Amino acid sequence: METRRALLVDAFTAEPLAGNPAGVVPDAEGLSDGQLAAVAAELGASETAFLTDGDDAADDRLRYFSPTTEVDLCGHATIATYGSLFAEGAIDGGERTLRTNVGDLAVAVDDDGTVWMRQQAPSVEVVDVDAGRLGEALGVDPAALRDVGADLPVAVASTGLPFLVVPVNFLERLGEADPDDAAVERLSEEFDVAGVYAFTFDALDADSTLHGRAFVPSLGIAEDPVTGTASGAVGGYLRHVDAFDGDEPDEFRFEQGHFLDRPGHVRVRVGGDGVRVGGRASVALDGEIRIPDDEDDEILEA
């Protein structure tokens, strides 16, 4: 039976067993959709990135699978892929063009191993959602949502993968969140988003812009420890709503994952040329996985 190299790589952290783990298959050439899905399910990470060669217009092609479905774009799995390739010397620093299901994106690696992923231009749409309904879905006191709602509205934001962005007043309230997965899925379906990103400016670290939590049960992920695609979208959201009254920092620092004991940090830059999300990566596991034969499943009918 054929084997391929497979890694588990922790993204948005320089330390192993922190941040957000992603599967990485650095050579996925020739594997079918069914084989990709089977490998992702076996590795069990929230997403696994499968790397193949690009073409004349792109250096590389990446596809992303959760344990249950293909995902069009995944920031932390992208950071994990290029961070691990750079660490082992498979690629040099500098910029590369990456082809994804949402189009071609630029990826750059700094000399210290920080990977920067350029996302699509942000789109932000303020939406009207009852605080009581949101609070019930997230397991958060609705008063914690109403308290900031006048200045920071709920919105659908996207830089390739849309999220419902929900501000919360204090870290204590955000930490108490106990989402109803079915209710979050209904919200996700209604607003055509991947999930809900709830955040507060009441962060743990003084140099952090905010603390966030991402709930994505529609993709089989009750809570994503540290998410790059959502962070890029939230960076666009902060600029759209003028969250800093014209005194916006050059770079945001988002902390996430602490309530899952997987702390990580995402760097976000929002400029006239779009949104860039950056972070480090650390390889936690490097091995081989056996690839199932590419055969149609036998379906038993009564």
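Leu17 is found in the loop between β1 (3-11) and β2 (20-25), and in this predicted model that residue has a positive phi of about 65° although it is not a glycine. By the rule applied here, the count comes to one cavity of 30 Å³ or more, and the lining of the largest cavity receives residues from both domain 1 (2-117 + 282-291) and domain 2 (123-262).

**Loop residues and backbone angles**

- Most residues other than glycine have a negative phi.
- Leu17, with its positive phi of about 65°, is exposed, its relative accessible area being 63%.
- Asp261, in the loop between β15 (252-256) and β16 (264-271), also has a positive phi, of about 60°, although it is not a glycine.
- The relative accessible area of Asp261 is 65%, and because exposed means over 50%, Asp261 counts as exposed.
- Arg262 is likewise found in the loop between β15 and β16, but Arg262 is buried, with a relative accessible area of 19%, which falls under the 20% cut-off for that class.
- A polar atom of the Arg262 side chain lies 2.9 Å from the backbone oxygen of Ala18.

**Thr200 in strand β12**

- Thr200 belongs to strand β12, which covers residues 195-200, and it is buried, with a relative accessible area of 0%.
- The side chain of Thr200 reaches the backbone oxygen of Asn169 at 3.0 Å, and a polar atom of that side chain also lies 3.2 Å from the backbone oxygen of Val168.

**Helix α7**

- At the start of α7, a side-chain oxygen of Thr227 comes to within 3.5 Å of the backbone nitrogen of Ala230.
- The helix is mostly covered, since 11 of its 13 residues are buried; among them are Gly228, Thr229, Ala230, Ser231 and Gly232, as well as Val234, Tyr237 and Leu238.
- An α-helix has 3.6 residues a turn, so residues three or four places apart point the same way.
- Asp242 follows α7, and the phi of Asp242 is positive, near 50°.

**The cavity between the domains**

- How many cavities of 30 Å³ or more does the count give? The count comes to one, and the volume of the largest cavity is about 80 Å³.
- Of the 16 residues that line the largest cavity, those closest to its centre are Glu47, Leu161, Asp224, Thr227 and Thr229.
- The elements that contribute two or more residues to this lining are α2 (75-87), β14 (221-224) and α7 (228-240).
- By residue class, the lining of the largest cavity divides into nine nonpolar, five polar and two charged residues.
- Why does the largest cavity lie between domain 1 and domain 2? Both domain 1 (2-117 + 282-291) and domain 2 (123-262) give residues to its lining, so the cavity is placed between them.

Definitions and conventions. Residues are numbered from 1 along each chain as its sequence is written. This is a predicted model: local features need pLDDT of at least 70, side-chain atom pairs count only at pLDDT 80 or more; totals for chains, interfaces and linings use all residues. Side-chain values use heavy atoms; hydrogens and water are left out. On a 1 Å grid over the protein atoms alone, a cavity is a set of points where a 1.4 Å probe fits but cannot get out, and a pocket is an open set with protein on both sides within 12 Å along at least five of seven lines; lining residues have an atom within 4 Å of a point. Grid points are joined across faces, edges and corners, and a volume is the space filled by probe spheres set on the points. Helices (H or I, at least four residues) and strands (E, at least two) are DSSP runs, numbered from the N terminus. Ala, Val, Leu, Ile, Met, Phe, Trp, Tyr, Cys and Pro count as nonpolar, Asp, Glu, Lys and Arg as charged, and the others, Gly among them, as polar. Domain bounds come from an automatic or database domain assignment. Buried means under 20% relative accessible area, exposed over 50%, partly exposed in between (1.4 Å probe, protein chains only). A polar contact is a pair of N or O atoms within 3.5 Å; within protein, one must be able to donate a hydrogen and the other to accept it, and residues adjacent in sequence count only if both atoms are side-chain atoms.
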